[in-house]
Amino acid sequence: MLNRLLTLVLSFMLLVGAASAEDLTLTGDVFYRERMALPPGATLHVGLVALPNGQPIVGASAAIPAGGQVPLQFSLAVRSDVAKSSGAFGLIAEIRVGGAAMWRNDIAVPVDLSAPAPVSILVTRAPIAPTPPEPELDQNLINTTWTVTSIGGSPILGTQPLTLTIAADLRVDGHAGCNSYFTQATMDETKLQFAPPASTRMACQPDIMAQESAFFAALVAVNGYDLSADSLRLLDAAAVPLIGLVRVKE
């Protein structure tokens, strides 16, 4: 009786092992062509979809912290029942910042589940639907280039101007003293906030790099603004001035 029981247990373990062996893992990397460093808090999302309709496969997706530089490595587990199914499949990847997709591939990269091989996925800047600003903001704040005059009350160092431009779709870009940067803003009549910026990867003098880091940190802490003619102050949640700017005259 004991021998029979042991035989049944071993048979069950062999069956489980065989089924598990049929599970597979897809690996690869995701990259974009811009020379931009990812901001803190960015995440990489990779998912398996059915082709040609792009229907996501339940249980075949992964979210991975994506700080640092591209390419970003990923590993995606696929259940054995999906791996054994017929049909065509592909991978969709997104790099998200603040919950919004900043880069993605709209056309899935095909994968062969019967003979999986590492996959490289090129992602491009994802379009952001324009958010209509309030009329007074459209007139007074956006579609204007501002030059930074102070950060935390300290004057700007160096000869390269620090700039900030908010477009009509609330995309933000500019120069931070050493590197170019971009981010996304949200605003209403009283609030103005910025997502963590992404920037190029140039290296400059230590004091300029420290100033740039302070600028990015202050930008993320902004919660409001005070606009008076051609002067703009970006404020924190307690209305303390973080960044002083002046309008660039055309």
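Tutor: Start with exposure: buried means under 20% relative accessible area, exposed means over 50%, and partly exposed lies in between (1.4 Å probe, protein chains only). This is a predicted model, where local features need pLDDT of at least 70, side-chain atom pairs count only at pLDDT 80 or more, and totals for chains, interfaces and linings use all residues. Residues are numbered from 1 along each chain as its sequence is written, and side-chain values use heavy atoms, with hydrogens and water left out.

Student: Is arginine 79 buried, partly exposed or exposed?

Tutor: Take its relative accessibility, 38%. That value makes arginine 79 partly exposed.

Student: Which residue does arginine 79 meet in a salt bridge?

Tutor: A salt bridge needs a side-chain nitrogen of Lys or Arg within 4 Å of a carboxyl oxygen of Asp or Glu. Here the N to O distance is 3.0 Å.

Student: Is glutamate 94 buried or exposed?

Tutor: Its relative accessibility is 13%. Buried means under 20%, so glutamate 94 counts as buried.

Student: How many residues apart are glutamate 94 and arginine 104?

Tutor: They form a salt bridge, with the closest N and O atoms 2.8 Å apart. Glutamate 94 is in strand β5 (residues 88-97) and arginine 104 in strand β6 (residues 100-104); strands are DSSP runs (E, at least two residues), numbered from the N terminus. The pair is 10 residues apart.

Student: Which residues are linked in a network of salt bridges?

Tutor: Glutamate 94 also meets arginine 96, at 2.8 Å, N to O. The linked residues are Glu94, Arg96, Arg104 and Asp106.

Note on methods:
Helices (H or I, at least four residues) and strands (E, at least two) are DSSP runs, numbered from the N terminus.
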